[in-house]
Amino acid sequence: MWRRRFGALLLRPRSSAPIPSSSSGHRHLPLPVSHEKPLALNILLSLFTSQAGGDAVKPFIAFVLGGPGSGKGTQCARIASDFGFAHLSAGDLLRNEISSGSEKGELILDIIKEGRIVPSDITVDLIRKAMESTNAKKVLIDGFPRCEENRIAFERIIGTEPDLVIFFDCPEDEMVKRLLGRNQGRVDDNIETIKKRLKVFESLNIPVVDYYSSRGKVHKINAMGTAEEIFGAVRKLFSSIRL
């Protein structure tokens with residue numbers, strides 16, 4: 001209400017004032033009229049305009065982390081279904097780019113085959129585009145960030161930190177067993193690449209978990225057991241959070 005009243009006051013046309021006469025009786029010629037708004041008025045109008053257009057609410061962002069084969073993808077699908085999140089998988093976004101046959105996709109494929117991490121700018125750009133394509137109020141980003149460089153790039157490009165970080169804690173031997181047994185035809189599901197991925201995860205992903213732990217945003221989930229047992233712990237976590 002105050003904004004409308006003040007805006008109307010600023011925009012109300014001024015009444016014409018008589019042209020003053022000098023003591024000698026000569027009338028001063030009027031100064032040329034400028035149709036540009038005064039600087040102060042421009043600033044205030046810009047402020048009102050930006051506030052009026054900036055009413056969009058930032059979505060609730062949850063990162064889901066865990067080693068390869070920790071089951072985070074399966075759990076994310078359940079979280080999205082049960083709690084109304086838009087599920088964005090960094091891995092799926094990268095694989096979709098590979099399937100597109102683009103030059104960027106070929107580069108991503110070569111990097112993944114070598115067990116290396118895709119450059120942050122590529123991954124964050126794919127995530128940004130996916131986030132912009134949905135109007136969801138809650139977004140679940142699966143498998144990202146995988147390193148401190150990813151984290152910094154996300155916060156710089158997207159302009160915000162996650163509200164929540166879920167870490168699926170799973171022993172290494174269990175992750176290897178799951179990856180070798182899932183038989184999804186992925187280029188990185190072989191023992192040599194799996195070992196590389198686990199080493200990369202340990203050296204680069206864990207520092208991200210530690211960073212967000214220091215900020216009080218990490219909730220660890222025991223990733224051992226059946227998918228239903230693990231989701232029981234996930235459901236308990238989300239039931240305790242005011243989204």
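In what order do the five strands of the open sheet stand, and is the pairing parallel or antiparallel? The order is β2-β3-β1-β4-β5, and the pairing is parallel. Two strands count as paired if DSSP finds at least two bridges between them. This is a predicted model: local features need pLDDT of at least 70, side-chain atom pairs count only at pLDDT 80 or more, and totals for chains, interfaces and linings use all residues. Residues are numbered from 1 along each chain as its sequence is written, and side-chain values use heavy atoms, with hydrogens and water left out.

**Overall make-up**
- The chain has ten helices and five strands. Helices (H or I, at least four residues) and strands (E, at least two) are DSSP runs, numbered from the N terminus.
- Buried residues account for 38% of the chain's 243 residues. Buried means under 20% relative accessible area, exposed over 50%, partly exposed in between (1.4 Å probe, protein chains only).
- Of the contacts in the chain with a separation of 6 or more, 76% join residues 24 or more positions apart. Contact means heavy atoms within 4.5 Å.

**The sheet**
- Five strands form the open sheet. Its edge strands are β2 (86-89) and β5 (218-222), and each pairs on one side only.
- Neighbouring strands of the sheet are turned by 20 degrees against each other on average, direction ignored. Axes are lines fitted to C-alpha atoms, for helices over the stretch in contact, and angles run from 0 to 180 degrees between N-to-C directions.
- Strands β2 and β3 (residues 138-142) run parallel and are joined by four bridges. Ala86 stands opposite Val139 in β3.

**Helices α4 and α6**
- Helix α4 (residues 90-99) lies across β2 and β3, at about 60 degrees to β2.
- Helix α6 (residues 120-132) lies across β1 (60-66), β2 and β3, at about 160 degrees to β2.
- The two helices pack at an angle of about 100 degrees, with axes 10 Å apart. α4 and α6 are therefore roughly perpendicular to each other. By the cut-offs, angles under 35 degrees are roughly parallel, over 145 roughly antiparallel, 65 to 115 roughly perpendicular and the rest oblique.
- Ala90, Leu93, Leu94 and Glu97 in α4 meet Thr123, Leu126, Ile127 and Ala130 in α6.

**Nonpolar cores**
- The largest nonpolar core has 29 residues. Such a core is a set of buried Ala, Val, Leu, Ile, Met, Phe, Trp, Tyr and Cys residues joined through side-chain atoms within 4.5 Å.
- Among the residues with the most contacts inside this core are Phe63, Val118, Ile127 and Phe154. α6 gives the most to this core, with six residues.
- Ile127 touches Leu88, Ala90, Leu93, Ile141, Phe144 and Phe154, not counting residues up to four places away in sequence.

**Helices α8 and α9**
- In α8 (residues 172-182), Glu174, Met175, Val176 and Leu179 are buried. The buried residues of α8 pack against α9 (191-214).
- Phe201 lies in α9. Phe201 is buried, with a relative accessible area of 10%.
- Phe201 touches Gly66, Gly67, Pro68, Phe167 and Ile206, not counting residues up to four places away in sequence.

**Cysteines**
- The count of disulfides (pairs of cysteine sulfur atoms within 2.5 Å) comes to zero.
- Cys76 is buried at 0% relative accessible area, and Cys170 is buried at 10%.
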